[in-house]
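Hi,

Here is the structure I promised to pass on. Have a look at it first, and then read my notes below.

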Amino acid sequence: MPKIVNARVIVTCPGRNFVTLKIECDDGTTGVGDATLNGRELSVASYLTDHVIPCLIGRDAHRIEDIWQYLYKGAYWRRGPVTMTAIAAVDMALWDIKGKLAGLPVYQLLGGASREGVMVYGHANGTTIEDTIEAALDYQRQGYKAIRVQCGVPGMPSTYGVSKDRYFYEPADADLPTENVWSTSKYLRIVPELFEAARGALGWDVHLLHDIHHRLTPIEAGRLGKDLEPYRPFWLEDATPAENQEAFRLIRQHTTAPLAVGEIFNSIWDVKDLIQNQLIDYVRATVVHAGGITHLRRIAALADLYQIRTGCHGATDLSPVCMAAALHFDLSVPNFGVQEYMRHTPETDAVFPHAYSFADGMMHPGDAPGLGVDIDEELAAGYDYKRAFLPVNRLEDGTMHSW
Ligand SMILES: O=C(O)C(=O)C[C@H](O)[C@H](O)CO
Ligand SMILES: [Mg+2]
């Protein structure tokens, strides 16, 4: 048996913070797992170092399911983003080790490829509709088959999804939370105009996506869905906060726009009612925040019964280790829908050398044994952790709102 003899957490900041778990077996085989929780990074680092790693030493690295159950049930305190991100990191690292020992890429261990490649969507954004369309045309020229469109809201100094850089979006931008301002009525006016312009410029052969980022009430989301229906959106994401899964029923009653939700979900219980009542079309839970490949497969299997497809979160705060794990998952599950791909900076890519690749709107995890990704520890050591927070959001009168 490959016995776990060592595990350590590596915190690095090649442009943004990443937390990585590296597990080592007695034969020298190592595996890596992403443990990054944006804006709360050190809590997961501590959870792993202080409470998980001591329990891993001496265990059989092949027993992925048993270790998952041990960490989930054994903590007594179940679920939550910190716990589930820590479990995910262990799970990813163990799949990586199993693949390396088998001499196979992880997707082969998950049942093999169910498709030739993984369709990804890129992020087109700009302060104005014109800038956003220009960015979207650039993505279309690069071969993207699916593009998320977000633009600034006139009268608002900043808007979610609009970045300073064309390709790299970093919302965790300050060592104390930046304060944004939000107006639902102004937002609801601009988005249909954006979609009309996007269809006019890009045509109908490209999928258009949009992220509402938890800001609307269910009935406001129903209104927006209706307004966007003529432009055939691929999905509307995070229309309303999802703590109350029932809220999506009201949106569903008013629009046929497909609904996606789940990037902040951490377990199957967050999405169970949404799936079983067929209130959504895409589940956005991803490997790092939802308990690893082992747990995400369980979520996908439940979703598949109800013809709901996957659409994993893939923003830049999910490290290339998570991206690799997500691509193995995406390639193998029968009910894959789309994968988000917000590319990492060259500094990040250098710290995490990886086998995955992009061509013609599709990605592939590559055929290196394991996850096909590693961390260059020497390079990582050159980038010290830098405290960073996600923004907070207020209405124009100062009331706190969801960011
Ligand atoms: O990529 C998306 O759809 C997001 O909503 C990005 C999130 O704001 C980001 O990952 C938060 O850390
Ligand atoms: Mg989102």
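Before the strands, a word on terms: two strands count as paired if DSSP finds at least two bridges between them. Helices (H or I, at least four residues) and strands (E, at least two) are DSSP runs, numbered from the N terminus. Residues are numbered from 1 along each chain as its sequence is written, with chains lettered from A and ligands numbered from 1 in the order in which they are written. Keep in mind that this is a predicted model: local features need pLDDT of at least 70, side-chain atom pairs count only at pLDDT 80 or more, and totals for chains, interfaces and linings use all residues.

With that in hand, strand S15 (residues 392-395) pairs with S16 in the antiparallel sense, over two bridges. Arginine 394 sits opposite methionine 400 of S16. Both strands belong to an open sheet of three, ordered S6-S15-S16, with mixed pairing. S6 (179-182) and S16 (400-401) are the edge strands with a single partner each, so one side of each has no neighbour in the sheet.

S1 (residues 4-12) and S2 (residues 18-25) run antiparallel and are joined by eight bridges; isoleucine 4, for instance, has cysteine 25 in S2 as its bridge partner. The two strands make a hairpin with five residues between them, and glycine 15 in the turn has a positive phi of about 100 degrees. S2 also runs antiparallel to S3 (residues 30-34), with five bridges, and isoleucine 23 stands opposite glycine 31 in S3. That is a hairpin too, with four residues between the strands and a positive phi of about 95 degrees at glycine 28 in the turn.

How covered is S2? Mostly: seven of its eight residues are buried. Buried here means 20 or more other C-beta atoms within 10 Å of the residue's own; 12 or fewer is exposed, in between is partly exposed, and C-beta atoms are placed from the backbone.

S4 (residues 118-126) has eight of its nine residues buried, so the rest of the structure largely encloses it. Its pairings go like this:

- S5 (residues 146-151): parallel to S4, six bridges, with glycine 122 opposite isoleucine 147.
- S12 (residues 339-340): parallel to S4, two bridges, with valine 120 partnered by glutamine 339.
- S14 (residues 362-364): antiparallel to S4, two bridges, with valine 118 partnered by methionine 363.

On to the helices. H3 (residues 81-102) and H10 (residues 292-305) pack at about 100 degrees, with their axes 6 Å apart. The axes are lines fitted to C-alpha atoms, for helices over the stretch in contact, and angles run from 0 to 180 degrees between N-to-C directions. H3 and H10 are therefore roughly perpendicular (65 to 115 degrees; under 35 is roughly parallel, over 145 roughly antiparallel, the rest oblique). Ile87, Ala88, Asp91, Met92 and Trp95 of H3 meet Gly292, Ile293 and Thr294 of H10, where contact means C-beta atoms, placed from the backbone, within 7 Å.

Finally, the UniProt record (an unreviewed entry) annotates residues 129-258 as "domain: Mandelate racemase/muconate lactonizing enzyme C-terminal"; such annotations may be inferred rather than shown by experiment. In the model, that span is 39% helix and 14% strand, and its end C-alpha atoms lie 23 Å apart.

Cheers

Conventions:
Contact = placed C-beta atoms within 7 Å.
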